[in-house]
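Please examine the sequence and the structure shown below.

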Amino acid sequence: MRKIFNLLALLIVTLIYSQKPVLEQGVYRSNVKGQKVMLKVGEDNNYEMSFLYGKYTTQNDTITFKNMTSGESSFKIKINEAPFSSTFKIKILTEYMMYFGSNIYIGTQKDDNTIVEFKSLEEYLGKNASRFRNRQKEINIDVEKTKYLYFVENNYEGKGSTISKFQIDLNANELEITYEPSFNILELKGLIDPETKKLSILEGLNKNPIFTFEKDGTPETKNDLLKPLQVVFEKDWLKNSGFAEPEDTTAFFGEREASQYNFKHTNLKNYQDAIKSIEKTPTKFLVIVVDNSKDGKKSFDQFIKEDEMQLSRVMRRQYNSMSDHFNYYYATDKDKALLDGLKIKDKSSLVFLNSNGEMVYHTNATLKENPELFQVYNSVYDEINKANAKLKLDKITANKKATLPDFKKALFDIVTTKKGYNNDYSDVVADTVAVGVSEDYDTMAVDTTVATVDAVEDYDGDYYHVNDPENLYAFKTSKQVIAQKWKLIVDFYTKNGALDDEFIQICKKELNDSGFTFKLFEEKKQVSDLDFKILDYIFKNYEAILKLNDTAKIQSVDNYEDEYYPKAPNLNTDISVSLSSFFQKQLSNYDKLDNATKNKLVNYYKLFMKLSGYNISDFNTYLQKIDESNPTDKSFYYSEFEDFYQTIISKNSSLIESLDEMYANRKNNYTDWDDFKNSYTRLANTVAWNVVETKVNDKKIIQNAINWSESSLKVDKKNAYYLDTLAQLYYKNNEREKAIVTEQKAIEAIEISNITLINEYKEVLEKMKNGTY
């Protein structure tokens, strides 16, 4: 309510201080920051101002006034003229995205018979979700083209969610959305005095009338905004849609109060004790506090006390090293030589040393001024740990006695550090890629999603980023030296063939541009012969790597000790997911590769798919690259799908059982069984229809295509598109009667409302009957 009064006060002040305003009598409407305001200007400079005009409901003796009229949405959609796009290019405009962006969800529904799939705006933004923390007034995202779009506004204070449904023209390419956060959490109640007939507008426990509204018949201004089909309010939408888990806060706080563990920092009396305190814990850092102010020691003691309380709350039951990153030492006059050696001249400084006593970072600050540097979940630890890993790698590189395992371990330490708030991590959070296929009126697009690779390990979150990165340790070794060392390591393991988990983890990251090359030099690389050597090693040890991965997952679950403050599990992403992402990413840059690399990449992709049991979305991408490479010769395209088809049917006598076995092995790549089987049927129909569309006359290919088409109908028996494909293939195979019967079934399977498709199929049927097809 205070926000609204502030807005009204601002408007009143503006009216008062405008110079010689010319204000005509009448009724004015406005929408101030999503809040409806009405101004009536009368004679003799009289005015009336009111807000929250809209619909009201009556129950018993209470009238509830609502901010929005029926069917009105906080999302105002306008379709802009724009070049063709395979997705909806959506531009969201709002002045307050940093405050309201995290409460927006977007749903897609392909047609009236499919479910609505919701994702948060943060999911669509991926790496750019941090914009919510900036004063960003425009956000751009891509959303799959779909018949219906839903926009959900989750209201604050547990007041529920408002869902707006829009029907979108599939020919549209760019949508401009103005989002005006609503104040639906204000529930104003009206009471009518039975004697005076006076209407009192109340808010909460307020017993005094605050506003009176009058009916206004001014016609609404016409606009070109898209009108929503439906706007509804659901109190528990977040929970019912799977975005929020029910909370048992009573049990949670009861457990916290029962906690007996009290964390205590070691009292470090001198620098020698301070260094010894971290010598055996290389993951911790010593913070030397230089504060010569009058109350410096007092501030230090107070900080230690508060930090101990914070860590006690976090650990609760027992000591947890995952939360304990720093030891603290307060420097005195006796430490002047130490500070001079470290070249610290500031009167106030925080100096971070590793377990060897080497300075990794320093900043001109005090604990009192910067306590946020040491917050458990928002500290500079990740930045300093990364700088320390660089320091160790420099030392290993400079050490002539260092072995290849030493160097490999140093690279592994680089790979497992977080990247930092300002760095690009687009390689980690993958985008949804719509795979383009040859489409006709009876072809359904095959969509695929590039898997999220190592998201648990690489996604950095929004922890604090140091304000003076120039004071972090700077990496010194050249890129050429690192590349030479890495080549030696790859040659060793590929020739030796020994299974090494750290080497495998480094390889996975390097293949996907999230490894040491990117973290040290912020460069993304092109696929190289070294990458193919790595693939040879992985393919040779594929089954053993899968077992290694399963063991790592079990261990990570065992380490997940606490529901609210768990140890961070180091989940090894499936090798198949990492390789899938690698191939998808490289094939997205297919046109930039030379022919030899293209052919090699395609061949290795096929080897990977056979090893991994065929992910259908992977195979679809593979087929498309073959199709693009040979636009005038489809024989290889068809033969590759035939090999895939034979792999499926050779497993069991029943196609359904074979597909079920494939799904069981790759279920993590699909939403459910229906999603998997639909992926197969769409792909089978797409390739079969291509035989019709390109007017292939080869009898063997036509017969194969009939088998592919029939297999899609074994899974989805009444699909009109699939029936039409099969009918036309029968006709091409000189099976005219079967073609006519099947085309009639296709017509009967079409929804009665789809007149256009019915007429198209009837035309095909007549041509089949009279022999003119």
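This is a predicted model: local features need pLDDT of at least 70, side-chain atom pairs count only at pLDDT 80 or more; totals for chains, interfaces and linings use all residues.

**From a side-chain contact to the sheets**

The side chains of Asn80 and Glu176 form a polar contact at 3.1 Å. Asn80 belongs to strand S6. Leaving aside residues up to four places away in sequence, Asn80 touches Glu174 and Glu176. Is Asn80 buried or exposed? With a relative accessible area of 17%, Asn80 is buried, because the term buried applies to values under 20%.

The strand that holds Asn80 can now be placed in its sheet. Strand S6 and strand S13, which covers residues 174-179, pair in the antiparallel sense over six bridges. Within this pairing, Ile77 has Ile177 in S13 as its bridge partner. Both strands belong to an open sheet of four strands, whose order is S6-S13-S7-S10 and whose pairing is mixed. At the edges of this sheet are strand S6 (75-80) and strand S10 (138-144), each of which pairs on one side only. On average, neighbouring strands of the sheet are turned by 25° against each other, direction ignored.

Leu170 is located in the loop between strand S12 (161-167) and S13. A relative accessible area of 47% makes Leu170 partly exposed, because this class lies between the limits of 20% and 50%. Which residues does Leu170 touch, not counting residues up to four places away in sequence? They are Phe88, Lys145, Thr146 and Lys147. Leu170 and Thr87 are 83 residues apart along the chain, and their C-alpha atoms are separated by 9.3 Å.

**A sheet with helices packed on it**

Another open sheet is formed by four strands in the order S18-S17-S19-S20, again with mixed pairing. Strand S18 (326-330) and strand S20 (359-363) stand at its edges; each has a single partner strand, and therefore one side of each is left without a neighbour in the sheet. From one strand to the next, the twist averages 20°. Strand S19, residues 348-353, pairs with S20 in the antiparallel sense over four bridges. In this pairing, Leu350 stands opposite Thr363 in S20.

Helix H6 packs on this sheet and touches strand S17 (285-291), S18 and S19. The direction of H6 makes about 150° with that of S17. Helix H7, made up of residues 296-315, lies across S17 and S18 and runs at about 160° to S18.

Asp273 is found in helix H6, which spans residues 271-279. The relative accessible area of Asp273 is 33%, and the residue is partly exposed. Asp273 and Tyr329 are 56 residues apart along the chain, while their C-alpha atoms are separated by 9.3 Å.

Val289, in contrast, has its place in strand S17. Val289 is buried, with a relative accessible area of 2%. Not counting residues up to four places away in sequence, Val289 touches Phe300, Tyr329, Tyr330, Ala331, Ser349, Leu350 and Leu367. Although Val289 and Ser348 are 59 residues apart in sequence, the distance between their C-alpha atoms is 7.8 Å.

**Cavities and a buried loop residue**

How many cavities of 30 Å³ or more does the structure hold? There are three cavities of 30 Å³ or more. The largest cavity contains about 80 Å³ of space. H7 and S18 each supply at least two residues of its lining. Among the lining residues are Asp307, Leu311, Phe326 and Tyr328, together with others including His265 and Phe374.

A polar atom of the Thr417 side chain lies 2.6 Å from the backbone oxygen of Ile414. Residues up to four places away in sequence being left out, Thr417 touches Asn385, Lys386, Ala389 and Lys519.

Key: Residues are numbered from 1 along each chain as its sequence is written. Side-chain values use heavy atoms; hydrogens and water are left out. Two strands pair if DSSP finds at least two bridges between them. Axes are lines fitted to C-alpha atoms, for helices over the stretch in contact, and angles run from 0 to 180 degrees between N-to-C directions. Buried means under 20% relative accessible area, exposed over 50%, partly exposed in between (1.4 Å probe, protein chains only). Contact means heavy atoms within 4.5 Å. A polar contact is a pair of N or O atoms within 3.5 Å; within protein, one must be able to donate a hydrogen and the other to accept it, and residues adjacent in sequence count only if both atoms are side-chain atoms. On a 1 Å grid over the protein atoms alone, a cavity is a set of points where a 1.4 Å probe fits but cannot get out, and a pocket is an open set with protein on both sides within 12 Å along at least five of seven lines; lining residues have an atom within 4 Å of a point. Grid points are joined across faces, edges and corners, and a volume is the space filled by probe spheres set on the points.
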